[in-house]
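Here's a quick tour for anyone meeting this structure for the first time. Take a look, then read on.

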Amino acid sequence: MRLRPDTTTDHLVVFTPSGRRGRFEDGTTVLEAARRLGVDIDSVCGGRGICGRCQIEVSEGEHAKHAIVSEASHLTPISDVEQAYAADRGLLPGRRLGCTARVVGELVIDVPPESQVHRQVVRKEADAHPIEVNPVVRLHYVEVEEPDLASPTSDLGRLRAALEREWELIGLMCDAHVLPVLQKTLRRGNWGVTVAVHDGSTITGVWPGLHETMLGIAFDIGSTTVAGHLCDLTSGDVLASAGEMNPQIRFGEDLMSRVSYVMMNPGSEKELTRTVRGCLAKLTAELANDAGVSRDDILEITLVGNPIMHHLLLGLDPTELGGAPFALAIDEAVRCPAVDLGLPVHPGARAYVLPCIAGHVGADTAGVILSEGPYLGEEVNLIVDVGTNAEIVLGNRDQLLAASSPTGPAFEGAQISCGQRAAPGAIERVRIDPDTLEPRYRVIGSEVWSDDPAFVGTHVTGVCGSGIIEAVAELHLAGILTTDGTIDGALAARSPRIVPDGRTFSYVISDGEPELRITQNDIRQIQLAKAALHAGCMLLLERYGIARVDRIRLAGAFGSHIDPVYALVLGLIPDCDPSGVTSAGNAAGTGARIALLDSTARAEIEEVVRRVEKIETAVEPRFQELFVGAMAIPHDTDPYERLRTVVTLPPRRVADATDGRTRRRTRPDSTQRSLS
């Protein structure tokens with residue numbers, strides 16, 4: 001039986017996807033009905049039909065669940081305002097503007113995602129939670145009453161009155177920089193202006209007429225690289241991304257070197273602060289230029305970084321972080337005007353720096369935690385942000401532990417004879433034939449392997465971090481590298497790739513120009529870095545009271561490019577089924593982006609970090625014991641049984657200190673390893 005259409009003057013309106021419903025008198029706008037019910041629907045212009053944010057669709061047909069018939073004709077006909085908007089900016093078929101379309105019958109109204117204030121941006125990772133777009137700054141269009149001799153209220157007073165009347169914003173403060181331009185802006189806009197309001201409390205900007213562009217930047221300040229993502233605060237879209245080497249590297253490749261520089265040169269922290277702020281300013285200009293937008297539209301900034309980068313960014317002396325007890329000057333979140341950090345953005349833009357956790361676990365780790373959300377579920381997660389100073393987080397909703405390990409810059413190509421940052425021409429993938437001991441490799445910028453004729457002419461410049469990991473792991477799998485990390489010189493008789501290098505041997509990975517070798521010292525640098533990381537992971541596992549985890553997330557720009565199997569072969573992380581090791585991408589940067597787009601995430605992460613238990617590896621005696629065992633490849637005592645289900649590891653061999661030859665500690669495994 002067909003449901004009867006509504007014939008009353010009081011109509012039931014149901015909104016999807018929220019499911020909220022209510023009865024409204026004839027002639028009520030859809031936007032007003034939505035607001036009365038608390039439905040999530042956007043609007044900047046205050047219902048004047050000029051911003052187009054409140055677009056809706058009628059879900060036509062019988063809706064037995066609601067006992068109504070919903071028809072497009074149950075809205076008033078398309079108005080002149082809608083026709084003008086459609087002619088000027090376009091309106092999809094079936095779409096109406098909620099601020100001008102009025103209810104004249106019972107309706108089921110669908111609010112599309114782009115019309116929702118708290119819209120979601122779904123992250124690409126399959127197991128990542130979506131980001132809710134709910135920025136701390138909002139734009140509001142208002143029409144301000146003109147001045148009148150009979151009413152001596154100031155322009156600011158009448159602007160505040162309009163914001164209270166049209167947007168229910170009460171008791172707003174106003175930034176000082178707004179006052180000098182306020183009167184001219186009101187008159188240029190013929191008393192119609194768009195106002196930026198930060199956190200519902202402060203007027204931070206004003207533009208004549210309707211202004212809809214609202215941008216923000218999320219910065220991840222690493223000790224080696226600095227990255228920024230320019231985002232649309234309305235849609236959540238990333239408009240541009242850029243990064244460059246941290247120019248502070250000239251004061252020291254690792255963090256402690258920079259702290260030492262400050263200690264030996266009192267007052268030099270100001271120089272390091274100017275350097276990193278200059279880098280951020282340069283990236284800001286680059287991002288705006290790449291996206292073709294005005295820097296004056298950038299209204300919000302979020303930043304993450306390790307404690308030393310955090311302190312230097314804020315102009316704080318980091319020397320207390322150079323020794324126990326590693327005292328932070330501040331561990332809570334920092335809010336300040338973005339211009340205080342020297343950023344060339346809108347004068348009313350605000351900067352939010354995520355909180356630090358402890359002396360060696362900083363705002364970047366807070367960003368990782370916010371991005372990965374281990375505090376939300378029951379499964380115990382091990383999250384490793386691989387970088388110059390690796391941060392490690394272990395736990396679930398019941399308990400969270402965090403630590404840092406001083407891995408140094410070896411994973412990023414520094415301190416490696418042929419190492420370089422990830423750039424076109426850098427070797428990123430390596431395979432070594434266990435029979436011939438010949439290598440083949442692939443470089444960034446090319447999908448062709450070096451043994452393919454099409455590779456001829458490809459310029460090879462060095463080996464980046466992921467290439468170094470794979471090279472060392474492949475040397476071990478091919479039997480060239482012993483368990484204790486020694487290049488077996490006896491194999492020089494089998495392959496010209498293994499060449500004498502002083503009292504040790506090197507492996508020639510590329511014999512072109514330039515010649516690239518993996519030296520014995522390179523191996524040691526990688527061993528030291530990976531042992532520090534592995535020991536930090538095991539320290540947390542022991543403290544948590546578990547022997548292993550089934551899920552490991554590798555975060556960081558470098559961590560996202562590591563092949564999980566090679567990370568396990570090297571012993572970079574504890575033994576795990578390789579299928580349980582996945583990339584989290586640049587989780588710290590993603591955390592900064594979440595805090596940029598969703599203001600509620602800020603209070604959330606501030607609460608979470610207060611209950612994170614910090615383990616200080618530098619003062620833990622057990623760390624040194626774990627470090628020594630982790631120097632071996634993959635480990636001195638752990639047989640890596642779960643890895644062995646996928647890869648056949650070579651027999652255990654160590655170098656003989658007396659004659660340089662290697663010897664076995666276990667019988668050889670006759671099976672052949674297989675890695676694609």
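## Ground rules

Helices (H or I, at least four residues) and strands (E, at least two) are DSSP runs, numbered from the N terminus. This is a predicted model, where local features need pLDDT of at least 70 and side-chain atom pairs count only at pLDDT 80 or more, while totals for chains, interfaces and linings use all residues. Residues are numbered from 1 along each chain as its sequence is written, and side-chain values use heavy atoms, with hydrogens and water left out.

## A glycine in a loop

Let's start with Gly-236, which sits in the loop between strand 15 (225-232) and strand 16 (238-245). Is Gly-236 buried or exposed? Its relative accessibility is 1%, so Gly-236 counts as buried (buried means under 20% relative accessible area, exposed over 50%, partly exposed in between, with a 1.4 Å probe and protein chains only). Val-133 is 103 residues away from Gly-236 along the chain, yet their C-alpha atoms are separated by 6.1 Å.

## The whole protein

Stepping back, the protein has 16 helices and 33 strands. Its C-alpha trace spans about 100 × 70 × 55 Å along the principal axes. Of its 676 residues, 57% are buried.

## Two cores

A nonpolar core is a set of buried Ala, Val, Leu, Ile, Met, Phe, Trp, Tyr and Cys residues joined through side-chain atoms within 4.5 Å. The largest one has 76 residues, and among those touching the most other members are Val-384, Phe-411 and Leu-533. Helix 10 (residues 520-544) supplies the largest share of this core, 13 residues. There's also a second, separate core of 44 residues, including Leu-139 and Val-609.

Leaving aside neighbours within four places in sequence, Leu-533 is in contact (heavy atoms within 4.5 Å) with several residues, including Val-386, Ile-392 and Leu-572.

Which residues of helix 14 (residues 600-609) are buried? They're Ala-601, Arg-602, Ile-605, Glu-606, Val-608 and Val-609. Among the elements they pack against are helix 8 (363-372) and helix 13 (587-597).

Elsewhere, residues of helix 10 including Leu-528 and Ala-535 meet residues of helix 15, among them Phe-623 and Leu-626.
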